[in-house]
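Please walk through this protein chain with me. We start with the whole and end at one residue.

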Amino acid sequence: MAPESVRFAVLGPVRVWRAGTELEPGRPQERALLALLLVRAGQPVAVSEIVDVLWGRRPPDSAVNVVRRHVGSLRRLLEPGLPTRATGRWLLRGAGGYRLLTDADSLDLLRFRSLRAEAQRAVLDGAPARAVELLTDALSLWQGPVASGIPAEARGHAAFGSLDDERLATVKETADAALSAGIPYVALPRLRAAAADSPLDEPLLARLILTLAATGRRSEALHTYDTVAARLADELGIDPGPELRDAHRTVRGDTGSTGSGGSTGSVGGRGASLPVPTQLPHDLPTFTGRRAELDEVLGLLPSAARPVGTVVISAIGGMAGIGKTTLAVHWAHRVADRFPDGQLYVNLRGFDPSGAVMSPDEAVRGFLDTLGVPPERVPHGPDARAALYRSLLAGRRFLVLLDNARDADHVRPLLHGTPGSLTIVTSRNQLPGLVAAHGAHSLTLRQLDTDEARELLVRRLGAERVAAEPDAVAEIAALCAGLPLALACVAARAATHPHFGLSAIAAELREAHGSLDAFTRADTSADVGAVFSWTSRALSPAAARLFRLLGLHPGPDVTAPAAAALAGLDVRRTRLLLTELSSLHLVNEHVPGRYAFHDLLRAHAAELARTRHGDAERGQAVTRLFEHYLHTAHAAVLLTAPYADGMPLPPVPAGVLPEPLADDERALAWLRAEYAVLLAVIDAAAASGRDSLACLLVSSLERFLDRQGHWHDWAAVQRTALDAALRLSDPVMEAHGLRGLARAEGRLGLRDAAATHLERALEAFTALGDDVGRATVHRSLAWESEQRGDFHSSLRHDQVALDLLRDRGGKAAQASALNAVGWSYATLGDYRQALVHCSEALTMLQELGDLVGQAATWDSIAYVHHHLGDHARALDGYRHALALYQDVGVPAEEAGSLIRIGDTHRALGDDDAARAAWRSALALLTDLAHPDAERVRTRLRELGADPLGVG
C-alpha cells in the first residue's frame with residue numbers, strides 16, 4: 001500500500017479508513033456511489049449504471065454532472081489536498097466509467113473472495129478441515145447485509161443482491177466441507193441463520209437437514225424436512241426437489257448416501273461448487289409413440305447393479321429423420337430429476353452436410369465453459385482437457401446427451417464413466433465399438449408404423465380431423481415412409497391450413513414426384529425427398545428465398561442479424577421470416593435468437609440454392625454474410641481491446657449492416673456466442689477463395705483469441721490466414737500472418753517456430769517500409785529474447801521498437817514500448833533508466849485509459865522498487881498491476897505479478913505470504929501449461945512447501 005494507506009469495508013456498513021483513521025464516507029448518494037464502486041471490486045462502473053443506482057428510472061437532467069461532483073468529493077476524501085480537477089491515484093476514469101483501485105488488503109470483499117478461493121483449492125487438495133477454517137474466516141468478514149446504510153432504492157440494485165448470493169453460496173460450501181471433514185457442528189450456526197433468511201432455498205435446507213443429523217439432531221432434521229415440505233406446498237404449490245428428498249432419505253436411513261444430494265456439485269468430498277447446467281433442448285410437447293423403445297430405455301437407468309450407463313440410439317442403415325434426437329431428448333426430460341448435478345447436451349454434427357463436424361475437443365471445451373471453468377484456466381491439449389472434464393464430473397450424477405455422433409471415436413473423449421450417471425449417444429451408425437469396449441446398450445430405431453404415424457398426426461392435428469379421413473392418413477404415412485421428421489413437416493402444413501382436407505394434402509404430396517431415397521443414405525447431400533420440396537413450396541416467396549440462402553451459411557447456427565445480411569433484408573423483416581420457417585419446422589430456434597437446421601434440411605436448402613440462384617447471386621449473399629461477421633467482429637474486438645494492432649478494414653460495403661454493440665461487455669458476449677461460427681467463417685472464406693476476408697477476420701480476432709486463451713485455435717486460424725495470404729501474393733497480409741502466427745506459437749512455447757516466423761515477418765515489414773509493423777515485430781522479438789534469458793538482446797529490440805514508434809506510432813504503442821524499454825533496463829539492473837521510461841509510460845497510459853498497459857507498467861515500476869529495497873512501494877505497485885490484470889482477464893501476466901509479489905514477501909521474510917502468492921501463480925500457470933510453472937514449483941520447494949500437488 002501507499003505510505004498513507006486506505007482501507008474499505010462493504011460487507012456490512014460502508015466504511016473507509018485513511019492511515020488508520022475512520023472517515024465519514026459522505027452524504028447518502030456519495031455513500032451509495034462508494035458502495036457501488038466497492039462491490040464492483042476494481043472493475044470499471046459505467047456512468048449509466050451509477051445514474052441508475054442513484055436515481056432509478058427518472059434521473060434529473062443534471063445527473064451526469066452530479067455524478068462528477070460526487071466523484072470529486074470521494075477523491076478528496078481519499079486524498080486530502082487533491083486539486084479540484086485532479087484524478088488522483090485511487091479513483092480513476094476509464095473504459096466508459098469509474099473504477100476504484102483496491103486489493104485483498106484494502107477491501108473486505110476481495111479478502112472474502114481470496115479466502116473462499118483458497119478454501120476451494122484446499123478442498124481440491126484433500127484438506128476439507130483447512131477449507132472450513134478458511135471459509136469460516138471469510139464469513140466472519142460479513143458484519144451485516146452488504147452495503148447496509150445506503151438508501152434502500154440503491155441497495156435494491158442487482159449489484160448488491162449478487163453479493164448476498166455469494167455469501168449464501170459460501171455458507172453452503174462451508175457445510176459441504178464441514179460434513180466431509182467430520183466437523184459438521186462448525187457450520188450449523190450459520191446454516192440455521194441462512195435458512196431463516198432463505199426459507200425456500202432447497203439446496204441450503206438440504207444441507208441443514210444433513211448437518212443436523214450429522215450432529216446428532218436426527219429428530220430435528222426430520223421435523224425440518226416436514227416443515228420445509230409443507231412450506232413449499234403452501235407457498236409454491238410444489239413438492240420437495242431431488243436434493244431435499246435425498247437428504248430426507250439419508251437421514252431416515254433409506255439409502256447408503258452420506259453426503260448431500262448434491263445439485264451444487266459438492267459430492268464425493270471434493271466440495272468444488274459447480275454450476276448446475278440444464279442444457280437439454282426443449283422437449284416436444286406433441287411427442288408420441290415409441291412406447292416399446294421408451295420402456296426399454298427407462299429400464300436402463302444407472303443403479304447399483306448397473307453403475308455406468310451409456311446408451312446408443314441409432315437408426316437402421318444410417319437413416320436420418322427417424323426421430324433419434326426427439327426420442328433421446330424426451331427420454332432425457334423424463335429422467336432428468338434423477339441427475340441433480342445437471343444435464344449436458346451437445347450436437348456433434350457428425351453428418352452435417354456442410355462438413356462443419358464438431359470435434360470431441362471442441363465439445364469438451366464447451367462443456368468446461370458450461371461447468372464454470374474460465375477460458376484461461378482450460379488446459380492446453382485435448383487429453384488434458386478431457387481429463388479435466390472427467391474429473392469435474394467424477395463423483396457426481398450427470399446426464400450427458402451426445403447428439404449426432406459420427407462414430408465411436410467421435411464420442412470416446414466425452415465418456416466420463418461416472419457411476420450413477422447416464423450418457424445418451426445418438427448416431428446414424430450403431431457404434432458397435434462402444435458396445436464392445438464400453439458396455440454401452442444399443443437401441444436401433446425403426447420407421448413408425450401406420451398406427452404410430454396416425455397417433456403422431458392426432459397429437460398435432462386433433463383426433464376428429466384425423467379420424468374423418470383414414471385413407472388419406474394412411475397414404476400420408478406411406479408417402480412419408482414412417483419418418484417422424486417428414487410427418488412433422490406435413491402436419492405443420494396441415495395445421496397452418498385447417499380448411500385443407502387431408503386427402504387434398506395427400507394428393508399434393510403424391511404429385512410432388514419426389515423420392516425419399518436420401519433418407520436411407522448416410523452421405524446424402526442433395527435429394528432429400530418429396531416432403532421437404534412440398535413443404536418449402538408452402539412458404540411465402542420471401543421466406544422460401546431465405547430458406548434457400550440459409551443453406552449457404554457455414555453453421556453451426558445463425559442469428560437474425562446474420563440471416564438478414566445473407567438475404568440482404570432488414571433485421572425486423574428477417575425475424576418474421578424466421579418465425580415463418582420455424583412454424584413449418586424448417587428451422588429450429590434451439591436457443592433464444594439462434595436458429596439451426598436439421599442436417600437433411602440444410603442439404604435440401606443448399607441444393608435449392610444451387611438450382612434456383614445463380615453463381616453471382618449466391619456469391620453476393622455469402623459475401624454479405626462474411627462481411628457482416630468481419631465488420632462486427634472487428635468492432636467488437638476494438639471495444640474490448642481499443643489498442644489492438646490488427647490490419648485496418650476497408651469501408652463497410654453497401655448493403656452490409658454490422659451488428660450494433662453498445663459496450664465492451666456486449667461485444668465480448670457477442671464474440672463468445674459467435675465463436676464457433678467465426679471459426680467456421682474463416683475456414684469457409686478461405687475455402688471459397690475469399691482469402692482477403694479470411695486474413696482480415698483472423699487479424700481482427702487476434703487480441704480476443706489471445707486474451708481468452710484460445711491459443712491452439714489462434715495458431716490454427718493464423719496458419720489458414722498465412723496460407724491465404726501466400727495464395728494472394730499479398731505482402732501486407734503475409735507480414736501480418738507471419739507475425740500473428742509467431743505470437744500464437746510463442747504463447748504455446750514453440751520458441752524455434754516463433755523465432756523463424758518473426759524473422760520472416762521482420763523481413764516482410766522492412767520490405768514494405770512499414771516501420772510500425774517492424775516495431776511490433778521487434779517487440780515480439782524482445783519478448784522471445786527475454787524468454788531465453790538474453791536480456792541484452794531484449795533491450796536492443798525494445799529500443800529499436802521505441803525509436804521506430806516515436807514519430808510514427810500511436811500514443812498507446814509508444815507508451816507500451818517505453819514500458820518495455822524500462823522493463824528491459826530493470827532486468828539488466830539499470831533501475832534509474834527503468835524508472836525514467838516506466839514513469840513516462842504510466843502517465844501516457846493513464847491519460848489513454850489503457851488498463852492492460854497500466855498494469856504492465858505498474859508491474860515494471862514495482863519490480864524496480866523491489867530491487868532498490870523499497871519493498872512497501874513494490875507491493876503497492878504489484879497489487880495495482882494484479883488488480884488491473886484480473887480486471888481485464890490476462891492470466892499469464894496476472895501470474896507474473898503474483899510471482900513477483902511472492903518474491904517481495906520472501907525478501908521481507910514473510911514466507912507464508914510468499915507461499916500463498918506463489919501457489920496462486922502456480923495454479924494459473926499450470927492451467928495455462930506455461931513453462932514458468934516449474935520455476936514456481938522450485939520456489940515453493942525451497943520454502944519446504946508442497947506446491948498444491950498441481951501439475
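Predicted model: local features only at pLDDT ≥ 70, side-chain atom pairs only at ≥ 80, totals over all residues.

Residues are numbered from 1 along each chain as its sequence is written, and side-chain values use heavy atoms, with hydrogens and water left out.

The chain holds 43 helices and 14 strands. These are DSSP runs, numbered from the N terminus: helices are H or I with at least four residues, strands E with at least two. Of its 951 residues, 54% are buried, meaning under 20% relative accessible area with a 1.4 Å probe, protein chains only. Among contacts (heavy atoms within 4.5 Å) with a separation of 6 or more, 66% join residues 24 or more positions apart.

In soluble globular proteins, nonpolar side chains tend to be buried together. A nonpolar core here is a set of buried Ala, Val, Leu, Ile, Met, Phe, Trp, Tyr and Cys residues joined through side-chain atoms within 4.5 Å. The largest one has 80 residues. Phe8, Val10, Leu100, Val146 and Phe160 touch the most other members. Apart from this core lies another, of 66 residues, including Ala543 and Ile682.

Now look at helix H36, residues 791–806, which contains leucine 804. Is leucine 804 buried or exposed? It counts as buried because its relative accessibility is 8%. Leaving out residues up to four places away in sequence, leucine 804 touches Asp771, Arg774, Ala775 and His778.

Key. Buried < 20%, exposed > 50% of the residue type's maximum accessible area, 1.4 Å probe, protein only.
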